[in-house]
Amino acid sequence: MLGVQPPLALPSLRCLANAVALSLLRHCHCWAWHKRHHPAPTGSMDGPPPASPAGLSAFVAVSQLLGLTLLATTGAWLGRYRGGVAWHSPLQFNAHPLCMVLGMVFLQGDALLVYRVFRHEAKRSTKALHALLHGLALLIALVGIIAVFESHRAKGTPDMYSLHSWCGMAAFVLYLLQWLLGCGFFLFPGASFSLRGRYKPQHIFFGIALFILSIASCLLGITEMLLFKISDSYSHFVPEGVLANTLGVMLVAFGLVVGYVVTREEWKRPPLAEELALSMDFKTLTEGESPGGGSQ
C-alpha cells in the first residue's frame, strides 16, 4: 500500500512565507522611495504630453529659416561669383566653404537643437539622432577639408599658415574628439552613472564652445577669401562683397538663435517618468547603491 506523504514541515512554511513577505516589503519600499524622491513630471505616461513651452517653436522655426538661407546664400555666392563647385578641377576649392557651412554650422546647430525639439520622444532615440547629426556634420566637414588640401596641392599653395586654417582645424579635431567621447559616455554602455554625471557638464560646455568656434572660423574664412579674390574692389561695396558680408551676418544670427534656444533653462528637455526609473536602476547596478542610499 502506498504510504501517504507527510505534510510539509511547519518551519519550512514559515520560512517561505517570511521570504515572500520580505520581498514584497522591499519592493514596496523601493516603489515608495522612488515616488517620494522622483515624482512623475508633467507629460509622463499617466497623461498626454504637454505642449512645447511658449516661444520655443517660434525660435526653432527662425533657426531653420536662417539655416536654409545660409545654405542658399553660400550656394549663390559660389555659383554667381566663384564659378560653382566641381571636384578635380580649379573649382574644387569652392567645395570647402560649402561643406563647412553645411556641416560645421547648419548640421552642428541642428544637432544641438535635438534635445529641445524632440522633448517627448524616447531618450535613446533622441541620443541616437543627436549623435547621427553630429557624425554626418563631421563627414561633410571632412570632405571640405580634403577639398581644400587637394586644391592647394594642385595649385602649389602652402597649407596651414593662416589664422583661419588654425582655428578651423582646431574646431574640426576637437569636434571629432567631442563626438567620440560623447558616444563613449552616453550612447554606448560601459560608463558608470557617476562618471556620466561628472562628464555631462563638460560635454555641454564644449559642445556650445565648439559651435561658436566653428562659426568664428567660417567668418575668418569668408574674410580671407574676399581679401584674396577682390581685395582691390572690396572697399567699394561691390555686390560680391556685400553678399559675402550678408552671409557672415546670417552666420552670427544663426549662432545667436541656436545658442539662445539651447541655453534657456526652462526650455530644457524634461525627463520622462520611465527615464527616471531607469536612471535609478542604472545607478543601482553600476554604483552598487540601494534606493535607500546605502551600498550593497
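Residues are numbered from 1 along each chain as its sequence is written. Because the model is predicted, local features need pLDDT of at least 70 and side-chain atom pairs count only at pLDDT 80 or more, whereas totals for chains, interfaces and linings use all residues; side-chain values use heavy atoms, with hydrogens and water left out.

The secondary structure of the protein chain consists of eight helices and zero strands, where helices (H or I, at least four residues) and strands (E, at least two) are DSSP runs numbered from the N terminus. The order of elements from the N terminus is α-α-α-α-α-α-α-α. Of the 296 residues in the protein chain, 36% are buried (under 20% relative accessible area, with exposed meaning over 50% and partly exposed in between; 1.4 Å probe, protein chains only). Contacts (heavy atoms within 4.5 Å) between residues at least 6 apart in sequence join residues at least 24 apart in 75% of cases.

Apart from its neighbours within four places in sequence, Val-258 contacts Ser-63, Gly-109, Leu-112, Leu-113 and Phe-211.

Helix pairs are described below by axes, which are lines fitted to C-alpha atoms over the stretch in contact, and by angles from 0 to 180 degrees between N-to-C directions. Helix 3 and helix 6 pack at about 155°, with axes 10 Å apart. Helix 3 is therefore roughly antiparallel to helix 6 (angles over 145 degrees; under 35 is roughly parallel, 65 to 115 roughly perpendicular and the rest oblique). The crossing of helix 3 and helix 6 is left-handed, in that the near helix is turned anticlockwise from the far one by less than a right angle, clockwise being right-handed. Met-100, Met-104, Val-105, Gln-108, Gly-109 and Leu-112 of helix 3 meet Gly-207, Leu-210, Phe-211, Ser-214, Ile-215 and Cys-218 of helix 6 in this contact. By class, these residues are eight nonpolar, four polar and no charged (Ala, Val, Leu, Ile, Met, Phe, Trp, Tyr, Cys and Pro count as nonpolar, Asp, Glu, Lys and Arg as charged, and the others, Gly among them, as polar).

Between helix 3 and helix 4 the angle is about 170° and the axes are 8 Å apart, so the two helices are roughly antiparallel. Their crossing is left-handed, and the contact contains 20 nonpolar, seven polar and three charged residues. His-130 is found in helix 4 and counts as buried because its relative accessibility is 14%. Beyond its neighbours within four places in sequence, His-130 contacts Ala-111, Leu-112, Val-114, Tyr-115 and His-203.

Helix 2 and helix 7 pack at about 155° with their axes 9 Å apart, and are therefore roughly antiparallel. Helix 2 passes helix 7 in a left-handed crossing; the contact has 20 nonpolar, five polar and one charged residues. Ser-89 lies in the loop between helix 2 and helix 3 and is partly exposed, at 27% relative accessible area. The C-alpha atom of Ser-89 is 9.2 Å from that of Ala-154, 65 residues apart along the chain.
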